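Please find below a briefing on how two protein chains meet in a structural model. The sequence and the structure are shown first.

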2 protein chains.
Amino acid sequence: MAQNIYDSPDFFAGYSQLPRSVHGLEGAPEWPSIQTLLPDLAGRRVVDLGCGFGWFARWARRQGAASVLALDLSDNMLARARAETADPAIVYARADLEGLDLPAAGFDLAYSALAFHYIEDFPRLVRTVHQALVPGGHFVFTIEHPIYMAPARPGWIARPDGGKSWPVDGYAVEGPRVTDWLAPGVVKHHRRLGTTITALLEAGFTLRGLVEWHPTAAQIAARPTLADEMERPMMVLIGAQR
Amino acid sequence: MAQNIYDSPDFFAGYSQLPRSVHGLEGAPEWPSIQTLLPDLAGRRVVDLGCGFGWFARWARRQGAASVLALDLSDNMLARARAETADPAIVYARADLEGLDLPAAGFDLAYSALAFHYIEDFPRLVRTVHQALVPGGHFVFTIEHPIYMAPARPGWIARPDGGKSWPVDGYAVEGPRVTDWLAPGVVKHHRRLGTTITALLEAGFTLRGLVEWHPTAAQIAARPTLADEMERPMMVLIGAQR
């Protein structure tokens, strides 16, 4: 079973105050880039793996999606998502992505935002998603970048020239990374980017897009702290097709 | 035109003493991983982009390749390659990969080892290779990993715990990187891994494999300095198919 850190009170309180929790999809600077990977949603059956507060589920319905099955491990997330949704075509359900089962060929799009780095057995999950999609179905997801996740002690190093660098070590050593983010002892599972791509190809997916997200100049002007994201990528956005 | 650093006397003298120059393919620790990406070569027409001393060209012929067109910018490399080859089915020719032309559908495999990071206009090169392959033809190449190439000042940083980290900065800032390796002022062109993959997909290739190379335990036991390669990847190995 995956760690249910989102139901830890400190973590949930902190997470609820992030821009992406207050402002939804528009509060996530990578959202414009994610949209370039998404297919037209009109009439599509969508499954959202790690739906959080349901922002994407409601957006997908506004784009014309026929239905959204929105799954999350966190009772806190699901409670708020249900409270903010009045749409019978969105079904929220509690599910652990570690060991997930999904009906065969039940969906046209599987979507997930920043959830899979909490999952230990990624190849199993990818096979589950593959059989749950119709042929031609799309799989679009974001994860923390392994550059961001690899180091034993993540955190900026000041350079003599006044700039800063991100220390990378243990990149080839896959497995758990325990960090303190919003709460102590958050467990993530580090994989090389090549390992993530290989799991997709071995399950039968065709890669359609790979974006190591970075901000635009306009985004940095509006939110100067985003300049850090030019130094090392925090996120990877991946599009694949069955 | 790409920089012709291999014809600089200091660089060539240094390069000629590397294990991969003395021992050929077996002297390159990534060679076993490259082989997993290669198709069966029997009867195939091969083009080698940046052939160096011709080790791969001669190996491909021993595997049954019908012919090898082996291209390099360096007169020094080509002179030694010709001197060490007695095989009329291997043709060596001088060519600049920057601005390269190749005949349409003339090859079954395009191969390149550690050459493309010297090329500025990578998308043009990828389109050239795509039209030069028959449908179903393979494209297998290795490049320096962008983690290795990104930093302004590449070099290990000692950690308080006795380990070492590789400083990553400017990862999203693509363009030239000037370093001193075997000779001063070697110019390489940094691209995000996502940019490399996107160029392949946009040219019409299907991705078949992506390996961020790291050594096996047996390789580290035989050559302990390879342990560094567990901390940060130096090379990416990519397989694609038209």
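The model is predicted. In it, chain A and chain B bury about 2,600 Å² between them, and a four-stranded open sheet draws strands from both chains.

**Chain A**
- Chain A contains nine helices and eleven strands.
- With a radius of gyration of 18 Å, close to the 18 Å that the globule rule gives for 242 residues, chain A is as compact as a globular protein of that length.
- The C-alpha trace of chain A spans about 55 × 40 × 35 Å along its principal axes.

**Extent of the interface**
- The size of an interface is often given as the accessible area lost when the parts come together.
- Carbon and sulfur atoms give 60% of the area of about 2,600 Å² buried between chain B and chain A.
- On the chain B side, B:Val168, B:Leu210 and B:Glu212 supply 19% of the area that this chain buries against chain A, more than any other three residues.
- The contact is made by 33 residues from chain A and 33 residues from chain B.

- Four salt bridges are found across the interface of chain B and chain A.
- A salt bridge links A:Asp161 to B:Arg153, with the closest N and O atoms 2.9 Å apart.

**The side of chain B that touches chain A**
- Strand E7 (164-168), helix H8 (193-203) and strand E10 (206-212) of chain B each supply at least two residues to this side.
- E10(B) gives the most, with six residues.

- Strands of a sheet pair through backbone hydrogen bonds, either parallel or antiparallel.
- Strand E7 (residues 164-168) of chain A runs antiparallel to E7(B), and three bridges join the two strands.
- A:Pro167 has B:Pro167 in E7(B) as its bridge partner.
- The open sheet has four strands in the order E6(A)-E7(A)-E7(B)-E6(B), with antiparallel pairing.
- Strand E6 (157-158) of chain A and strand E6 (157-158) of chain B stand at the edges, each with a single partner strand, so one side of each is left without a neighbour in the sheet.

How values were computed:
Residues numbered from 1 in each chain as written. Chains lettered and ligands numbered in written order. Predicted model: local features only at pLDDT ≥ 70, side-chain atom pairs only at ≥ 80, totals over all residues. Heavy atoms only, no water. Contact = heavy atoms within 4.5 Å. Buried area = accessible area lost by both parts, 1.4 Å probe. Salt bridge = Lys/Arg side-chain N within 4 Å of Asp/Glu carboxyl O. Pairing = 2+ DSSP bridges. Rg over C-alpha atoms; globule rule 2.2 N^0.38 Å.
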